[in-house]
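Please read the report below alongside the sequence and the 3D structure. It is written for a reader who is new to protein models.

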Amino acid sequence: MKPGLYALYAQLADGRLHNGAELAGEMDITRAAVWKRMQSLREMGLAITGTAGDGYRLEHAVELLDADEIRSRLSSGDVEVETAGAVDSTNARLVEAGSPHARAVVAEAQTAGRGRRGRGWQSPPGSGLYLSLAWRFESGLAGLAPLSLVVGLTAAETLGKQAGAAVAVKWPNDLFVDDAKLGGCLVEINGAAEGPCRAVVGVGINLFRTEAMGPIDQAWTTLEDHARPQGRNALAAAVLDAMTQSLTAFDRAGLEAFMARWDAVDALRGRRVTILQHGQAPTDAIATGIDEQGRLRLSENGHTRVLASGEVSIRVA
Ligand code: BTN
């Protein structure tokens, strides 16, 4: 987000009515320039109501991200936090920079948010939490296969503790409330089979509904619908704090330490699911939990089989 656009976004963030002339005065620009910036913010998906005559206001107030506040809420001083207006993708920012261990980026908006399996992630300004954390693991690529489950599990637990939302994880790491998608996680890993690897762990959470969200091919929901009101800085800090603890524990001891915790948030266990695999006809099975490598266990006509994430897409039947 250009500084001028961010300045207007910051003026509007309180959700109150702002007169065009006042805004122009506060930012020392013409009213025509205010109108132009307003259009640009609308194009980015910010829901602004009103006109120059009546004044402008955000449909939903936004707590602006503040790196100092996030940092002050973290229990470890080792995490470097950067906040940004709009970035293409917080994950891409860290992947491309080959970022050092424990650097986090949290953005107001993403213009090319990345989802799993090559999909996008809609990220209008302020209405979601978009954060990524770069982490260096001592274990090689092979040991990192279950990492995406640990990330989803940690995000779900944090939303429960911090916001009181009953969030379940649909294997491998979709965040669900009552069968509607609340958020998702994207883990991107670079490294060799043996030796240290770098991972970028991204979490996206829908915070409130906005008309800017285009069609989404499945039921979705927002934290506002299921949780106590949350400041975005407190939420970002809680997720980052929990994530650093989980990633440290996972690097030391693998998935084992998380098996019982997974069971507590598993959205699929005991449910009939449809398995969609590229080039194959959909099949149904009963999900029965995960194995020690984080693969999904399925019972199909009395036979048990396992699936690795990345191979498949799972829908509750
Ligand atoms: C999914 O498809 O369910 C995963 C969505 C992950 C979205 C988050 S938002 C922050 C981070 N940056 C991205 O570009 N993607 C992840």
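## Basis of the model

The model is predicted; local features need pLDDT of at least 70, side-chain atom pairs count only at pLDDT 80 or more, and totals for chains, interfaces and linings use all residues. Residues are numbered from 1 along each chain as its sequence is written, and side-chain values use heavy atoms, with hydrogens and water left out.

## Strands and their pairing

Strands of a sheet pair through backbone hydrogen bonds, either parallel or antiparallel. Helices (H or I, at least four residues) and strands (E, at least two) are DSSP runs, numbered from the N terminus. Two strands pair if DSSP finds at least two bridges between them.

Strand S1 (residues 48-51) and strand S2 (residues 55-58) run antiparallel and are joined by four bridges. Three residues lie between S1 and S2, and the two strands form a hairpin. Gly50 has Tyr56 in S2 as its bridge partner. Strand S3 (residues 80-87) runs parallel to S4, with seven bridges between them; the bridge partner of Glu80 is Arg103 in S4. Of the eight residues of strand S4 (residues 103-110), seven are buried (under 20% relative accessible area with a 1.4 Å probe, protein chains only; exposed is over 50% and partly exposed is in between).

## The five-stranded sheet

Five strands form an open sheet in the order S13-S12-S11-S10-S14, and their pairing is antiparallel. Strand S13 (303-307) and strand S14 (312-316) are the edge strands, each pairing on one side only. From one strand to the next the twist averages 45°, where axes are lines fitted to C-alpha atoms, for helices over the stretch in contact, and angles run from 0 to 180 degrees between N-to-C directions.

Within this sheet, strand S11 (residues 283-290) and strand S12 (residues 296-300) run antiparallel and share three bridges. Ile286 stands opposite Ser299 in S12.

## Aromatic contacts

Rings of Phe, Tyr and Trp (its six-membered ring) pair if their centres lie within 6.5 Å; planes under 30 degrees apart count as stacked, over 60 as edge-to-face and the rest as tilted. By this rule there are two aromatic pairs. In one of them, the ring centres of Phe137 and Phe250 are 6.2 Å apart and the planes stand at 80°, so this pair is edge-to-face. Phe137 belongs to strand S5 (residues 128-137) and Phe250 to helix H7 (residues 232-253), so the pair ties together parts that are 113 residues apart in sequence. Phe137 is buried at 0% relative accessibility, and Phe250 is buried at 3%.

Arg209 lies over the face of Trp220, 4.5 Å from the ring centre. A charge sits over a ring if NZ of Lys or CZ of Arg is within 6 Å of the ring centre and within 35 degrees of the ring normal.

## Pocket and cavities

On a 1 Å grid over the protein atoms alone, a cavity is a set of points where a 1.4 Å probe fits but cannot get out, and a pocket is an open set with protein on both sides within 12 Å along at least five of seven lines; lining residues have an atom within 4 Å of a point. Grid points are joined across faces, edges and corners, and a volume is the space filled by probe spheres set on the points.

The largest pocket holds about 460 Å³ of space. It is lined by 31 residues, and the closest to its centre are Gly115, Gly120, Trp121, Gln122 and Lys181. Helix H5 (90-96), S5, strand S8 (180-191) and strand S9 (197-206) each supply at least two residues of this lining.

There are four cavities of 30 Å³ or more, and the largest cavity has about 130 Å³ of space. Among the 13 residues that line the largest cavity, Arg116, Arg119, Lys170, Asp174 and Ser313 are the closest to its centre. S14 gives the most to this lining, with four residues.
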